[in-house]
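Student: I have a protein model open and would like to learn how to read it. Could you walk me through some of its features?

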Amino acid sequence: MPRPTGRVLTLLELLQSGGIRTAAELADRLGVDGRTVRRYVDHLIDLDVPVESVRGRYGGYRLAPGYRLPPLMLSDDEALAVLLGLVAGRRTGLTTAERTASETVSAKIRRVLPKHVAHRLDALLESLAFTDQPGEFATPDAGVLLTIADAVRHRRPVSIRYTDRDDRHSQRTLHAYGIVAHSGRWYVTGTDPEIGEARTFRLDRIADARTLPGSFEAPVGPDPAQRLLSGFATAEYRHEVTLRIHGTVEQIRAHLPASVASLEEYAPTAEKDRATERWLRVELRAERLDWLPPVLAALDRPFVIERPDGLRDLVIALADRLASYARQA
């Protein structure tokens, strides 16, 4: 159960969110009665926090207009959440700041924590281990990210300077309708109005972004995250692969996620349950085929290769190797 001091700080946070809070609402959020709420309000007033009492049918408590909030105060749980978030963000690449900035903000937070809290957090961070290796990703410019986010929110066109994977530079206009974090990178999805096609861009490859006059309507259909995954699955690569696999959607997706392959029913049935085994057509594009036979072997479901013939040869070669290994004494 939170201590009274913790509840007083929670009360201050609720009032900081703005507007008038009724005594009943505050009592419910704090888990106390109305009399205790009034006592906590008196504590804040004693600390020179100008809490005003508003009378009337819709009355309650609020902070005085123009009141400047005190320096940032974090509870033990909040400090832990912030520091762990910074650690996780650095390891996964989902950060918009350079490594030095993440380290300095961590140091600032730890420096102002009470000693007993800081020691407990240090103990946790020192004993914490990860099963995966830290990612090394290029981080997007914070100004670019915020500009595009504002354009997404207000449906404003945005002009970007972009460098593609072949190091080609271009200036283009984008109707951005979503920002997506995927596998340690930031992407923006939108429509290129000049060609009328949906496009996806890596944010760390955008050198500059500025909002343009005008507005647009976001398209109906899949959300930005689904559009991103579909774009990955249908990207242009050397080989186009089509399979028929007998199994459930979950079984197939466990080895061929939406970012890799698209699924559709091969023989439509009335049963739409994702857990029902049936023949599904799987389509994907790949620069190389040598990784697919082990995936199909791990899937361990009946399958038919429609194309390309080269994949069939690779699967047979893998099966022959596995059989020869199994016959060895």
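This is a predicted model: local features need pLDDT of at least 70, side-chain atom pairs count only at pLDDT 80 or more; totals for chains, interfaces and linings use all residues.

Student: Let's begin with the whole chain. How many helices and strands are there in the chain?

Tutor: The chain has 11 helices and 11 strands. Of its 329 residues, 31% count as buried. Contacts tell us something too: among those with a separation of 6 or more, residues 24 or more positions apart account for 61%.

Student: How do I describe two helices that meet?

Tutor: Two packed helices are described by the angle between their axes and the distance between the axes. Take helix H2 (residues 23–30) and helix H3 (residues 34–46): their axes come within 9 Å and cross at roughly 95 degrees. That makes H2 roughly perpendicular to H3, since angles of 65 to 115 degrees are given that name.

Student: Which residues in H2 and H3 meet?

Tutor: From H2 come Ala23, Leu26, Ala27 and Leu30, and from H3 come Gly34, Val37 and Tyr40. By kind, the residues of this contact divide into 6 nonpolar, 1 polar and no charged.

Student: Now the sheets, please. What should I look for?

Tutor: Strands of a sheet pair through backbone hydrogen bonds, either parallel or antiparallel.

Student: How many bridges pair S5 with S6?

Tutor: Strand S5 (residues 185–192) pairs with S6 over 6 bridges, in the antiparallel sense. To find one of them, look at Gly190, whose bridge partner in S6 is Arg199.

Student: Could we look at a residue in that sheet, such as Ile179? Where does Ile179 lie?

Tutor: Ile179 lies in strand S4 (residues 169–182). Its relative accessibility is 30%, so Ile179 counts as partly exposed. Setting aside neighbours within four places in sequence, Ile179 is in contact with Leu145, Ile148, Ala149, Val152, Trp186, Tyr187, Val188 and Leu203.

Student: In what order do the strands S8, S9, S10 and S11 form a sheet?

Tutor: These 4 strands form an open sheet in the order S9-S10-S8-S11, and the pairing is antiparallel. Strand S9 (261–265) and strand S11 (303–307) each have a single partner strand, so one side of each is left without a neighbour in the sheet. Here the twist averages 25 degrees from one strand to the next. S9 and strand S10 (residues 278–286) run antiparallel and are joined by 5 bridges; Ala261, for instance, has Leu284 in S10 as its bridge partner.

Student: Which helices lie across these strands?

Tutor: Helix H10 (residues 292–299) lies across S8, S10 and S11, running at about 10 degrees to S8. Helix H11 (residues 309–327) lies across S8 and S11, running at about 140 degrees to S11.

Student: Is Thr242 in this sheet buried or exposed?

Tutor: Thr242, whose place is in strand S8 (residues 239–247), is buried, with a relative accessible area of 3%. Not counting residues up to four places away in sequence, Thr242 touches Arg281, Val282, Glu283, Val304, Ile305, Glu306 and Arg307. The side chains of Thr242 and Arg307 are also joined by a polar contact of 2.9 Å.

Student: What kind of peptide bond joins Arg307 and Pro308?

Tutor: That peptide bond is cis, with omega about 0 degrees. Pro308 lies in the loop between S11 and H11.

How values were computed. Residues are numbered from 1 along each chain as its sequence is written. Side-chain values use heavy atoms; hydrogens and water are left out. Axes are lines fitted to C-alpha atoms, for helices over the stretch in contact, and angles run from 0 to 180 degrees between N-to-C directions. Helices (H or I, at least four residues) and strands (E, at least two) are DSSP runs, numbered from the N terminus. Angles under 35 degrees count as roughly parallel, over 145 as roughly antiparallel, 65 to 115 as roughly perpendicular and the rest as oblique. Contact means heavy atoms within 4.5 Å. Ala, Val, Leu, Ile, Met, Phe, Trp, Tyr, Cys and Pro count as nonpolar, Asp, Glu, Lys and Arg as charged, and the others, Gly among them, as polar. Two strands pair if DSSP finds at least two bridges between them. Buried means under 20% relative accessible area, exposed over 50%, partly exposed in between (1.4 Å probe, protein chains only). A polar contact is a pair of N or O atoms within 3.5 Å; within protein, one must be able to donate a hydrogen and the other to accept it, and residues adjacent in sequence count only if both atoms are side-chain atoms.
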